[in-house]
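Open the model in your viewer and keep the selection tool ready. Each stop below says what to pick and what to look for.

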Amino acid sequence: MSDKVLLKVEHLKQYFKLDRKSKVKAVDDVSFEIYEGETFGLVGESGSGKTTIGRSIIRLYEITGGNVEFEGKQASGKLKKEERASIARNMQMIFQDPMACLNPRMNIRDIVAEGIDIHKLAKTKEERDEMVYSILAKVGLAREHAGRYPHEFSGGQRQRIGIARALITNPKLVICDEPISALDVSIQSQVVNLLKKLQKELGLTYLFIAHDLSMVRYISDRIAVMHKGKIVELADAEELYNNPLHPYTRSLMSAIPTPDPKSEKQRARFAYDPTQHDYTTDEPKMREIRPKHFIYCNEKEFKAYQAELVA
Amino acid sequence: MKEKVLSVKNLTVSFKTHGGMVQAVRDVSFDLYQGETLAIVGESGSGKSVTSKSIMGLLSPNAVIEKGEILYNDVDLLKLNENDFAKYRGADIAMVFQDPMTSLNPVMTIGNQISESLINNLNYTKEQAKARSLELIDLVGIDSPEKRYNQYPHQFSGGMRQRIVIAIALSCNPKILICDEPTTALDVTTQAQILELIKDLQQHFGVSVIFITHDLGVVANMSDRVGVMYAGKIVEIGTVEDVYYDPRHPYTWGLLASIPAFQAKGVELYAIPGAPPQMINPPKGDAFSLRSDWSMKVDFVHQPPMFKISNTHSAATWLLHPNAPKVERPVQLQDRIDALMRMHEGGKSE
């Protein structure tokens, strides 16, 4: 992990119109940076806007407001054709449901090679095949698999195909949108280990979106917690787990089940009540409470959190 | 010893498909005791849902029950015809399904859906049923029951819907409640609330619960005993303490070791290699032997019987045979168990 910023998101807003009058603020004024080579975890409940952030960054949606910079260059709004192509090549995505994201009527060779075809990365058919075989080997599949169709594979293998397809263009940033949620427990750890291995080998940067907090803690260097379209807390993984400050983060932490019956049975869980914040006079914003530990709060809460950290 | 409420003996269920007979459940036996929670864990396709559907008499038409019996009050549920079964279903044995949106009727008010089972099963009058429904809505933690009574499922959130499903399941004071992945579709915080609710209501109604899940964290929280299923068989069964602090079957080791809780960052997660077997032609011998790092020759030839470890704990693996070599659990798992034991002996909670 270096200090070089790969992706910079500033005041990102993504609103969806419901009808003429009302709109949903799926992502509301969110800012963060992702450093080169790190894994940035994004957690939150369904509807918190974590998936929307990923999709907005990779330009699947036209963003309502704010700014995205990738490798120091503008990556949102109107761009030239070459700029768009460069972003498409360097930013890839892995989806949650590996069955739904693979075209059932294309064989694996063509699915994986789509990136090659679009960006014209191979000159000859042989070169194209070689690229496909080498990436398949990297994700733990054999070259015989190239001629088969998605339905012939198990869930874990399909997710490997999804990973191969994302990596074929040699991207710098991979957005992993709940890549293991749809998989069985014994397969999840295979895929997580694979993602870690590939990160080391290829120097990838991950934006890892998930709701499974124990897995996110294991895989991420830094974690942002989202609630209702806002990041409420952002810190290094261990710092966040050792010193969660925002009441929502605490409530999330208290809800993670652990494989330890004795402490599970006497564990206290608490619910988060958003009405506990009084933001009528004092405006909340992201404040840095410790180096690299940010929290969404107003001045009064900030003082209270600081007091808690000292205690 | 507590009183047995349900006894499943040698249950074997297969499904007719174009490819052949899929052997979904193979020789499963367990007892359910009064007031306890028995968790059944396993991956998709391990046969856990088929087992629960057999108890509820909800198997699809292509299912064939090859042998076995399910004894409830000395009645073998598998021998009942549909009319007789209907007397038990809902009234004595009730079920909570995974997805509360598909298990509720979208064009019927919540109130009518709860009352329906009271009127059909317990012959309540409409007024009695309404009064009891309002009580139940209140009991599962939903505010203003009067207003909610006349609302439709789409006006409720996912967690609220699951509460309603639980209210319906408990409406007729069943003896056995089967929860089939009741929180899989829910967020973690909502999941925690629903689990609390199920535990509270279990105390309140004194019902025995069969809890089916793939989440070992949830099992640790919810259950008294746990059965681990793999390839249609129960491979290990015991109290939660037995199974979490002293697991014996390699598959249980793999499952527990692949959870990243308390896992140090640098250490690779333990991953069970390969994928679950096809159940049209289940492997000979121990079905897990192909994926296990601890397989012996005998595993590929003979199915291991259930070895008894203690009065509460048994596991089906040849490693427990007196002549088997002594083996070590995966490091990741052994380290965690040691750390947990030290923590609990020190008398400290987390």
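Select helix 8 of chain B and color its buried residues: B:Val188, B:Thr190, B:Gln191, B:Ala192, B:Ile194, B:Leu195, B:Ile198 and B:Leu201. Buried means 20 or more other C-beta atoms within 10 Å of the residue's own; exposed means 12 or fewer, partly exposed is in between, and C-beta atoms are placed from the backbone. Helices (H or I, at least four residues) and strands (E, at least two) are DSSP runs, numbered from the N terminus.

This is a predicted model, in which local features need pLDDT of at least 70 and side-chain atom pairs count only at pLDDT 80 or more, while totals for chains, interfaces and linings use all residues. Residues are numbered from 1 along each chain as its sequence is written, and chains are lettered from A and ligands numbered from 1 in the order in which they are written.

Stay on the helix. Now show what its buried residues pack against: helix 7 and helix 9 of chain A, plus helix 7, strand 7 (176–180) and helix 9 (216–222) of chain B. After the helix comes B:Gly206, with a positive phi near 60°.

Next, display both chains. Here 34 residues of chain A are in contact with 36 residues of chain B; contact means C-beta atoms, placed from the backbone, within 7 Å. On the chain A side, helix 6 (185–202), helix 7 (213–219), helix 9 (247–255) and helix 10 (261–265) each give two or more residues. Helix 6 of chain A gives the largest share, 8 residues.

Select A:Phe208. Leaving aside neighbours within four places in sequence, its contacts include A:Phe40, A:Leu42, A:Cys176 and A:Val216.

Move to the open sheet in chain B. Its 4 strands run in the order 2-1-4-5, with antiparallel pairing; strands pair if DSSP finds at least two bridges between them. Strand 2 (20–33) and strand 5 (75–76) are at the edges with a single partner strand each, so one side of each has no neighbour in the sheet. Between strand 1 (residues 4–17) and strand 2 there are 10 bridges. Pick B:Ser7 and find B:Asp31 opposite, in strand 2.

Last stop: A:Lys172, in the loop between helix 5 (155–167) and strand 7 (173–177) of chain A. Is A:Lys172 buried or partly exposed? A:Lys172 is partly exposed, because 18 other C-beta atoms lie within 10 Å. A:Arg89 is 83 residues away in sequence, yet 8.6 Å away in space, C-alpha to C-alpha.

Terms used. Contact = placed C-beta atoms within 7 Å.
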